[in-house]
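Here are my notes for you, written as numbered points. Keep the picture open while you read, and take them one by one.

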Amino acid sequence: MGNSFIGKYRTDYEFRTFSGAWLSFGITVLFAVYNGYLGITQGSLWHGSIAIYYMLLAVIRGIILLSERKIRTQDNKNKARLRTFLISSAFLLLLNIALICPIALMVKFEKPVQMSLIPAIAMAAYTTYKIVMASVNFGSKKKKLSGNILISELRAISLIDAIVSVLSLQNTLIMVMDSAESMLTLSAVTGGAMYAFVLMITIRLLIRKPRTE
C-alpha cells in the first residue's frame with residue numbers, strides 16, 4: 001500500500017496536489033489556533049488578525065478539498081467545480097481584505113508580545129516548506145496542466161500562503177530581535193509589495209476563464 005501511494009504521488013499530479021493541500025490544511029489550522037491563542041491570552045491584535053487570515057485560508061482549502069471528494073462521484077463535474085470555485089473565491093476576497101490589518105500592524109511595528117526563538121524557528125520552518133511547495137507547483141504548471149479548475153485555485157492559494165508566510169516570518173524576527181526602528185523602511189516596502197503581489201494573484205485567478213475537464 002505504501003509503494004502504491006508513493007507511486008501515485010510521483011505520477012499523478014492531481015493526487016499530489018490534493019495530498020499536499022490536505023497537509024497544508026492541517027498545518028494552517030494549527031497556526032490559526034496558535035495565533036488565536038496568543039491573540040486572546042496576550043491581547044495581541046497582530047496575532048489575532050493573522051489568526052483570522054489563517055482561519056479563512058483553512059476554510060478555503062477545506063471547501064475545495066471536501067467538495068472535490070463529493071464531486072468525483074457526480075456526473076456533472078464541471079458545473080459542481082465551478083460552483084465550488086465561485087464560493088471559495090468569495091472567501092478568497094475576504095482573505096485579501098483580512099490581510100490589510102496584520103500588514104498595517106506589521107509596518108507600524110505594533111508588537112505587544114515578546115517572542116522567543118522557538119516561534120521564529122517554527123515560522124522559519126513553515127515558511128521554507130510553503131516556499132518549496134509553491135515553487136514545485138509553479139514549476140509543474142506548464143508540464144502538467146490540469147483541466148480541474150480547483151487545482152489552479154489551490155496553486156494560487158499555495159503561492160499566497162507562501163508570500164504571507166514570508167511576511168509573518170519577517171514580523172516574528174523583528175519581534176525577537178527588537179529592531180523596529182532600523183527595519184521600518186524595509187518592513188513598509190516589503191509589506192506593500194507583497195500585498196500588491198497577493199492582490200495580483202487573486203485578480204488574475206478571478207478574471208481568467210475557468211478551465212474545466
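**Notes on the helices, the cavity and the patch**

1. Start with α3: 19 of its 27 residues are buried, so this helix is largely enclosed by the rest of the structure. Buried means under 20% relative accessible area, exposed means over 50%, and partly exposed is in between (1.4 Å probe, protein chains only). Helices here are DSSP runs (H or I, at least four residues), numbered from the N terminus.

2. Before going on, a word on the source: this is a predicted model, where local features need pLDDT of at least 70, side-chain atom pairs count only at pLDDT 80 or more, and totals for chains, interfaces and linings use all residues. Residues are numbered from 1 along each chain as its sequence is written, and side-chain values use heavy atoms, with hydrogens and water left out.

3. How far does α3 reach from its first C-alpha to its last? The answer is 39 Å, close to the 39 Å expected at 1.5 Å a residue. That expected span is 1.5 Å times one less than the number of residues.

4. Now find His-47, which lies in α3. It counts as buried because its relative accessibility is 2%. Tyr-34 sits in helix α2 (residues 13-41) and is partly exposed, at 36% relative accessible area. Ala-32 is 15 residues from His-47 in sequence, and their C-alpha atoms are 9.2 Å apart.

5. Two or more lining residues come from each of α3 (45-71), α5 (100-108) and α7 (149-177).

6. Helix α4 (residues 77-98) has 22 residues and reaches 31 Å, close to the expected 32 Å. Among its buried residues are Phe-85, Leu-92 and Leu-95.

7. Last, look at the surface: Leu-93, Leu-199, Ile-203, Leu-206 and Ile-207 form a nonpolar patch with about 440 Å² of accessible area together. Such a patch joins nonpolar side chains within 5 Å, from residues with over 30% relative accessible area and no salt bridge. Helix α8 (residues 180-207) gives the largest share, four residues. Ile-203 is in α8 and is partly exposed, at 49%.

Technical notes: Patches are made of residues with over 30% relative accessible area and no salt bridge: like charges are joined within 9 Å, nonpolar side chains (Val, Leu, Ile, Met, Phe, Trp, Tyr) within 5 Å. Accessible areas come from the Shrake-Rupley method with a 1.4 Å probe; for residues, only the protein chains shown count as cover. A salt bridge is a side-chain nitrogen of Lys or Arg within 4 Å of a carboxyl oxygen of Asp or Glu.
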